[in-house]
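Me: I would like to go through this model in questions and answers, taking one site after another. Please give the cut-offs behind each term when it comes up.

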Amino acid sequence: MGPNRNRARKLPLLPLRGLLVYPSMVLHLDVGREKSVKALERAMVEDSLILLCSQSEINIEEPTREDIYRVGTISKIRQMLKLPNGTIRVLVEGITRAEIVEFAANDEYYEVMVKELHEEETAAPEIHALMRSVLSQFEQYINLSKKVTPETMAAVMDIDQPGRLADVICSHLPLKIKDKQEILETFGVRERLEKLLAMLNNEREVLELERKISQRVKKQMEKTQKEYYLREQMKAIQKELGDKEGRAGEVEELRSQLEEAQMPDKVREKVEKEIDRLEKMPATSAEGGVIRNYIDWLLALPWTNKTFDDLDIHNAEVILNEDHYGLEKPKERVLEYLAVQQLVKKLKGPILCLVGPPGVGKTSIARSIARSLNRKFIRISLGGVRDEAEIRGHRRTYVGAMPGRVIQGMKSAGTNNPVFLLDEIDKMAMDFRGDPAAALLEVLDPEQNSTFSDHFIELPFDLSNVMFVTTANAVHNIPRPLLDRMEVLYIPGYTEIEKLQIASNYLIKKQKEDHGLKEEQLQVTEAALQRVIREYTREAGVRNLEQQVASLCRKSARQIVTEPGNHIVIDAEQVPDYLGPSKFRYGMAELEDQIGAVTGLAWTEVGGDTLVIEVTVLPGAGKLMLTGKLGDVMKESAQAAFSYTRSRAAQLKIPEDFHEKNDIHIHIPEGAIPKDGPSAGITIATALISSLTGMPVSKEVAMTGEITLRGRVLPIGGLKEKSLAAHRAGIKKVLLPKENEKDLQDIPDSVRNEMTFIPVSHMDQVLEHALVGEIDFLTTPIQESVNEDESGSSRVCH
Ligand code: ADP
């Protein structure tokens, strides 16, 4: 085979851009370039023949010889048509392959010397086989590619010249010009078919891949389209059902809320992320609700919002005095705090811990602090908190999870620098759910609380601007590490005179206001208030007193409404008309001197109290019985009193074997309040001795003190509270341990002036003052033991 070369001839040349014409192809060309138009015109003058060659680069406007492929197709111009835009449309038919031998010198158009190339038609079986493979490949290609019509296939099948077949098929393939040119330049028929077969194969594979990809894309599209459609439908359904606020409106509102909210960038980012997540949730999903709740919390917290402190000390002093009578120490401490704050600007201040019985104004002084500083006030009660999560929150994975109380408090404060009262810090418990005290430690520690982490909120919250104040009834129940971080201020309880002042200057005013009574409509005399204090309350603070005053106001209000224009005056005699019969007997704990009953003084968490200790000696076999809810320490104290009495039996003229022939019952009545501590020691001993000797105990005396086995009296704690209680009970004489004498200066003058305080160091002195009658049995001098070392005087005694 091989090209059949003949003589060269001269022809005009039309360079084609992005196009290639094979022999036997018929097609339209639009010609615009001037040189090309000239070439066409020239051809028309001759025999309408022209050489069509492709340019190697499509965008070259004026190709040089090098830009034009050497092999092209001699074609016949069948038709020419001038288009309105100046270009010419020609219909050409490819005749035969030809090769440029030489470019002629012609400036008007391209003119070349060409040599025709003819191929031999062969009918070798090998060629047939190749043709068949090409056809079947082409068929598959057509099936895959929708660009070629099936009619083309039918036309192609009819071609029996192998060279032409290759050319026609090739003209239908979307090949690059370079590849098409390669086929054009392949003169050998067999070679040409082989090359085409490889190209077809390649094209088919590409098409198959394309199809796979498009199928995948289509599937994906269908899925998202389906979801979109369903979601739109759901929206429509919700609208029909009256659920106007779809998630879209909700999300929009949250976004605008976020825009206005002030918060650190980190928090903002988190909220944005969560809003995006929420947006993707269907409106009814439970998880959407959880996310919404979280977003609401983040938006509601006062991340940066704060109030400005009023650091005017005089103003603060006025406010504190306006709200509270007395309470000098706490007030002074607060003013000092403010002074330092003014100098330092930012104080990692001490945490105040107000300790005292209920109703002494711990909460309300904290509220006053907030008022004087112009800060918000928040109070949370820690009583009964036993779960760390109550302080620090639950993780959001829990159903119904919430932030802890601290964060809840901050939210309701709305500012990040409130006065935050942690009430009843001594009433926290601890169990398997973790230690709330440890979590609280993080809240109160100035080193850590600028990045307090709540399990629910997850982002660190700055608590360092908060002023924490805590309260407790007793110090000894406060977890030690917490106590170390706080400055304790004791508020011991009020004397009767103080209560009177508080009632007439504060409580009455407050309650009248609360009950809508005008100043002149109700008047409560001082005598009446005194009667209320003495006969209707028995407490260290003024909480019950306030309730009773409220009662007076309530009843008066009713009277005034039923009889308008009425002015009510309540004097001492009228008190029972309003409050019913008196609840407590004012006066001595006992009405008469009694045998075996002694008034002791106790100190409990609700303040000081009096309690009567009774001892009965019954014929029996030497049993010692203790009843009345006593703690272990008090039981031991009773044992000590008992042993002391035995050891002094001779001097006391008690039969030495009294403990063998009698049962002794010691009872400490009144109330379900657990009583503990060693301070009832001398009281028990006195009651026991009175009962054994038959000598009565003076009703005017009350006592407190620990007893040793040899009768020494050891110091106790809470003398002030105890004295106030004794005063409330109308006691005239108090026996106290000698070593507590120094504490007498803490006792208000009003109390000290009305009672006698007798310091004692030995049991004999106690008996001397407490028992009524001749005490001649004590003439034997007492051996004062010097080396008594069981005293344990370093212990804190109650
Ligand atoms: P606590 O927190 O110690 O249990 P509260 O603060 O609840 O006591 O006080 C009970 C009531 O007694 C409050 O209405 C308070 O205003 C009033 N109160 C207590 N102490 C004083 C005081 N020194 N002056 C005026 N009111 C007082």
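Me: Which side chain has an N or O atom 2.4 Å from an oxygen atom of the ligand?
Reply: This is a predicted model, in which local features need pLDDT of at least 70, side-chain atom pairs count only at pLDDT 80 or more, and totals for chains, interfaces and linings use all residues. Residues are numbered from 1 along each chain as its sequence is written, and side-chain values use heavy atoms, with hydrogens and water left out. A polar contact is a pair of N or O atoms within 3.5 Å; within protein, one must be able to donate a hydrogen and the other to accept it, and residues adjacent in sequence count only if both atoms are side-chain atoms. The side chain that places an N or O atom 2.4 Å from a ligand oxygen is that of Thr363.

Me: How much of the ligand's exposed area does the protein bury?
Reply: Accessible areas come from the Shrake-Rupley method with a 1.4 Å probe, and for residues only the protein chains shown count as cover. Taken alone, the ligand exposes 560 Å², and the part of that buried by the protein is 91%.

Me: Which backbone oxygen does the side chain of Ser372 reach?
Reply: Ser372 lies in helix α12 (residues 362-373), where helices (H or I, at least four residues) and strands (E, at least two) are DSSP runs, numbered from the N terminus. With a relative accessible area of 1%, Ser372 is buried, a term that means under 20% relative accessible area, with exposed over 50% and partly exposed in between (1.4 Å probe, protein chains only). At 2.9 Å, its side chain reaches the backbone oxygen of Ile369.

Me: Why does the pair of Trp303 and Phe461 count as tilted?
Reply: Rings of Phe, Tyr and Trp (its six-membered ring) pair if their centres lie within 6.5 Å; planes under 30 degrees apart count as stacked, over 60 as edge-to-face and the rest as tilted. A search of the whole structure finds 6 aromatic pairs. In the pair of Trp303 and Phe461 the ring centres are 5.1 Å apart, and it is tilted because the angle between the planes is 50°.

Me: How many residues apart are Trp303 and Phe461?
Reply: Trp303 counts as buried at 8% relative accessibility, and Phe461 is buried too, at 2%. The pair links distant parts of the chain, with Trp303 in the loop between α9 (286-300) and α10 (313-323) and Phe461 in strand β12 (residues 460-461), and their separation in residues is 158.

Me: Which ring lies under the charged end of Arg396?
Reply: A charge sits over a ring if NZ of Lys or CZ of Arg is within 6 Å of the ring centre and within 35 degrees of the ring normal. The charged end of Arg396 is 3.5 Å from the centre of the ring it sits over, which belongs to Tyr294.

Me: Which residue of β6 is the bridge partner of Leu29?
Reply: Two strands pair if DSSP finds at least two bridges between them; strand β3 (residues 26-31) and strand β6 (residues 88-103) pair in the antiparallel sense over 6 bridges. Leu29 is on the covered face of β3, together with Leu27 and Val31. Its bridge partner in β6 is Val90.
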